[in-house]
Structure formats: structure tokens, C-alpha cells
Amino acid sequence: MKSISKILILCYSIVLLISCSIREEITFNPEGNLTYSYLIDAGEFMKIMPDSLNKGIYKDTLISFNNLLTQKKDSISKLSLENQKKLEALKPLFIKVHQDEKKGEFYVLIYGDFTNSASLNSALTALNSIDNSKNNPSNNMEFLTNSTFHWKGNVFSKKSVKSESLKNDSVAQSILPLFTGGTFKTIYTFPKEIKKVNNSSAVISQDKKSLSMVFDASEYLAAPQKTDLKVELVK
């Protein structure tokens with residue numbers, strides 16, 4: 001999993017160096033399954049990065065966890081059953097890194113299709129802990145916040161908390177001001193019209209089947225619960 005850890009380190013380094021945009025999107029289907037994506041857009045990073053560093057950055061890269069786990073099945077079989085189960089949860093996920101120096105494009109996209117919200121939660125939990133075996137916040141590759149989603153019937157809810165890094169590590173806490181100027185945007189699309197939502201920051205689309213919220217990235221990281229919400233759809 002070394003290649004995955006390097007990409008997650010890259011994600012973390014990007015947001016430390018320059019304000020960037022983060023966009024989280026989920027599309028919910030009537031059968032209960034969903035599509036998830038988490039995009040870190042750091043095109044501005046390309047404009048200020050020295051050529052010497054530019055050469056070391058990943059070009060276009062696509063990682064399928066399903067394929068990766070199949071390739072590593074022999075070594076994975078030697079792990080504890082708990083760790084094997086955790087890795088299995090990663091199968092629906094893909095990580096794409098795109099870089100185009102001429103166009104000034106640079107982004108990291110984490111995405112996948114999931115059978116339900118529980119499988120999404122399991123995958124994100126597993127992704128956060130890939131390189132965290134030493135339990136050292138300074139080496140933590142997790143997202144800067146941890147979110148849990150629940151989607152069933154006509155109700156969707158989200159709960160977010162700070163990562164352990166931002167809770168316990170003074171170095172991680174000190175980088176919060178560096179996010180000033182960046183944005184965090186969420187977009188959720190549903191199969192039915194929205195009846196009501198309990199977050200005043202939510203903007204409902206004209207067809208009432210999606211909502212969006214935009215936050216200052218530094219404010220979001222300081223208080224991720226600002227993105228918590230409960231959505232009820234018409235029956």
C-alpha cells in the first residue's frame with residue numbers, strides 16, 4: 001500500500017502549501033445505493049510550484065483498490081482477519097491524480113459506487129487508517145475531518161468531527177490558518193424532492209432534488225459540524 005500512502009501524503013501536502021478547493025459530492029439512488037466523490041482541486045498549486053518539484057509530482061494516475069487488493073491477495077491473507085476485513089471495504093474506491101502543467105490543472109479525486117451508506121462509511125474509515133498503524137498523529141494520512149453518512153428510505157443525515165490529528169497534534173492545528181481563502185463545497189443529489197433540511201446553509205436546487213453548501217475551508221476544518229445536516233424527502 002506504499003503507493004496509496006504516497007498519494008495521501010501528496011493530498012495532505014497540497015492543502016498545506018496553498019489554499020485549494022475541496023468538493024464532496026454524493027448522488028443517492030432510490031434502491032439505497034450511492035455514488036461518492038471527494039475532489040481536491042489545487043490548480044493554483046501548479047502555478048507557483050518550482051520546476052524541480054514539478055518533475056517529482058505524480059502525472060495522470062488511476063488506482064483501483066479492487067485491482068490492487070487482488071494483486072496483493074497473498075500478502076493480505078497473512079494479516080489478521082480484522083485487517084483483512086478493513087481492506088476489503090476499500091474495494092469500491094478509486095483514486096485518480098491528474099496533472100497538466102500546460103493547462104495549470106492539478107487535482108486528486110477519490111470516488112466510488114457503494115451499495116449503501118454503511119459500505120461508504122467502512123471504506124472511508126479504512127482509507128483513513130491505511131498508514132496509521134503507529135498511531136502517531138504527525139504521520140496520520142487521514143482526511144482532516146471524519147464524516148459518517150446515513151441514507152435509508154427518505155432520510156439522509158451526515159455527522160462530522162475533527163480528525164484525531166486536528167484534535168491532538170499541535171503541528172496539525174497550526175496549519176488551519178493556511179486554509180484561509182480555500183472553499184469546501186458539498187453537493188447532494190436525491191431521487192425525490194427535498195421536503196425539509198435542518199441546516200440553514202443548505203441551498204436547495206430549483207427542481208428540489210439536490211442541495212449544496214459552501215464554507216470557508218479553514219472555518220470548516222475548525223468546526224466541521226457546520227456541515228452536519230438531516231434531509232427529509234417527500235414520500
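K158 sits in strand β7, residues 155-162. Strands and helices here are DSSP runs, numbered from the N terminus: a strand (E) has at least two residues, and a helix (H or I) at least four. The model is predicted, so local features need pLDDT of at least 70 and side-chain atom pairs need pLDDT 80 or more, while totals for chains, interfaces and linings use all residues. Residues are numbered from 1 along each chain as its sequence is written, and side-chain values use heavy atoms, with hydrogens and water left out.

**K158 and its surroundings**

- K158 counts as buried because its relative accessibility is 1%. Buried means under 20% relative accessible area, exposed means over 50%, and partly exposed lies in between (1.4 Å probe, protein chains only).
- Leaving aside neighbours within four places in sequence, K158 is in contact with E24, S147, T148, F149, F184, T186, Y188, T227, D228 and L229. Contact means heavy atoms within 4.5 Å.
- The side chain of K158 makes a polar contact of 3.2 Å with the side chain of Y188. A polar contact is a pair of N or O atoms within 3.5 Å; within protein, one must be able to donate a hydrogen and the other to accept it, and residues adjacent in sequence count only if both atoms are side-chain atoms.
- Another polar contact, of 3.4 Å, links the side chains of K158 and T227.
- K158 and T227 are 69 residues apart along the chain, yet their C-alpha atoms are separated by 7.6 Å.

**The nonpolar core**

- The largest nonpolar core has 42 residues. Such a core is a set of buried Ala, Val, Leu, Ile, Met, Phe, Trp, Tyr and Cys residues joined through side-chain atoms within 4.5 Å.
- Y36, F156, Y188, F190 and L211 touch the most other members of this core. Helix α7, residues 117-128, gives the most to the core, with five residues.
- In soluble globular proteins, nonpolar side chains tend to be buried together.
- F156 is in contact with F28, F149, H150, W151, Y188, F190, L229, K230 and V231, leaving aside neighbours within four places in sequence.

**The open sheet**

- Eight strands form an open sheet with mixed pairing, in the order β3-β4-β5-β2-β1-β8-β11-β10. Its edge strands, β3 (61-64) and β10 (203-204), each pair on one side only.
- Two strands pair if DSSP finds at least two bridges between them.
- β4 (residues 93-100) and β5 (residues 105-114) pair in the antiparallel sense over eight bridges. V97 has V108 in β5 as its bridge partner.
- β1 (residues 21-28) and β8 (residues 183-189) pair in the parallel sense over seven bridges. R23 has K185 in β8 as its bridge partner.
- β8 and β11 (residues 210-216) pair in the antiparallel sense over seven bridges. Here Y188 stands opposite L211 in β11.

**Two residues in the sheet**

- S37 lies in strand β2, residues 34-41. S37 is buried, with a relative accessible area of 18%.
- Leaving aside neighbours within four places in sequence, S37 is in contact with R23, E24, E25, L109, I110 and Y111.
- L62 lies in strand β3. L62 is exposed, with a relative accessible area of 55%.
- L62 touches F94, I95, K96 and Y111, not counting residues up to four places away in sequence.
- L62 and H98 are 36 residues apart in sequence and 8.7 Å apart in space, C-alpha to C-alpha.
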